[in-house]
Amino acid sequence: MKVTTETLKDELNDVIQKIKNDGFEFGKYDKEKEYKGIGEMDNLFGNHEYFNESPKSIEISNEDCVFMHHDDIFDRLGCYKKQEGVNKEGKIILYKKCIESFGTRFFEGNRHLAPFTSLTDCINMVYKIVLYHEFGHWITHWMSDSKGNRWNDTFWNLKPNPNANDLIEGLAQLFTYYAILNDRDVKKLKFLFEFMLLGQSAPYHKHIEIIKHPKFSWDNSFKALEKVRLTPPYEFQTYLNFF
């Protein structure tokens, strides 16, 4: 399959549909609005708006690859980038050359295993994992919560702070894992995900700590995100405390 922005959007739509089907109050909300002077039935029953969100901007970049041997491989292969303006949705960018280079390296090291005998399939799976990670940043920042709220521009100031990195990368990896678990190629993607985690710095492993929390559930993870967005200085432990 040729990877395009449209095929990537289709992949994310599947994940968003799963979030909706699982009943989590993220990415959709039912808001009753009153309409005056439109008609008796509208005034009597109101109108229910149903929102199903997805990223508006996904780009495949041909920039040169500079990722090799870094401990933040996920954000070397792609990024979630701030757009101009106040409180704007970010852009998901995937770096084609880096992804193809990493996918080739993965293929050459694992081609002896039955699931990974196709170079094209390996590269496409790397695309998926990176897409899911950046989608995790998008969920954290922009997907509306049960009240229709999003994180404001303070989100973009968190990266330099190590503890904030724990929160932001931990959440991105958590939602990456959610997408993997609900993917048709779950076994192969889990193997690749673990491969990509090798040698990564601590923030990229924080999803494990979240999942191991005694009160963890996917529902609680979304509810805790809704609360931590409103609770500066936006720390990882604060997120866990909301479980």
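**Aromatic pairs and the nonpolar core**

Colleague: How many aromatic pairs does the count come to?

Modeller: It comes to 22 aromatic pairs, and keep in mind that this is a predicted model.

Colleague: OK, take Tyr80 and Trp156. Is that pair stacked or edge-to-face?

Modeller: Stacked, because the ring centres of Tyr80 and Trp156 are 5.2 Å apart and the planes sit at 20°, with under 30 degrees counting as stacked.

Colleague: Where are Tyr80 and Trp156 in the chain?

Modeller: Tyr80 is in strand β4 (residues 78–81), while Trp156 is in the loop between α5 and α6 (162–181). They're 76 residues apart, so the pair links distant parts of the chain.

Colleague: And are Tyr80 and Trp156 buried or exposed?

Modeller: Tyr80 and Trp156 are both buried.

Colleague: What about Tyr178 and Trp218, why is that pair edge-to-face?

Modeller: Their centres are 5.1 Å apart, but the planes are at 65°, and over 60 counts as edge-to-face. This pair also links distant parts of the chain: Tyr178 is in helix α6 and Trp218 in helix α9 (residues 218–228), 40 residues apart. Tyr178 and Trp218 are buried too.

Colleague: Which residues form the aromatic cluster with Tyr178 and Trp218?

Modeller: Phe24, Phe26, Phe175, Phe216, Phe222, Tyr239 and Phe243 are in one cluster with them.

Colleague: Switching topic: which residues touch the most other members of the largest nonpolar core?

Modeller: Leu77, Ile139, Leu225 and Tyr239, out of 69 residues in that core.

Colleague: Which helix gives the most to this core?

Modeller: Helix α5 (residues 119–141), with 12 residues.

Definitions and conventions:
Residues numbered from 1 in each chain as written. Predicted model: local features only at pLDDT ≥ 70, side-chain atom pairs only at ≥ 80, totals over all residues. Heavy atoms only, no water. Core = buried A, V, L, I, M, F, W, Y, C linked by side-chain atoms within 4.5 Å. Buried < 20%, exposed > 50% of the residue type's maximum accessible area, 1.4 Å probe, protein only. Helix = DSSP H or I, 4+ residues; strand = E, 2+ residues; numbered from the N terminus. Phe/Tyr/Trp six-rings, centres within 6.5 Å; stacked < 30°, edge-to-face > 60°.
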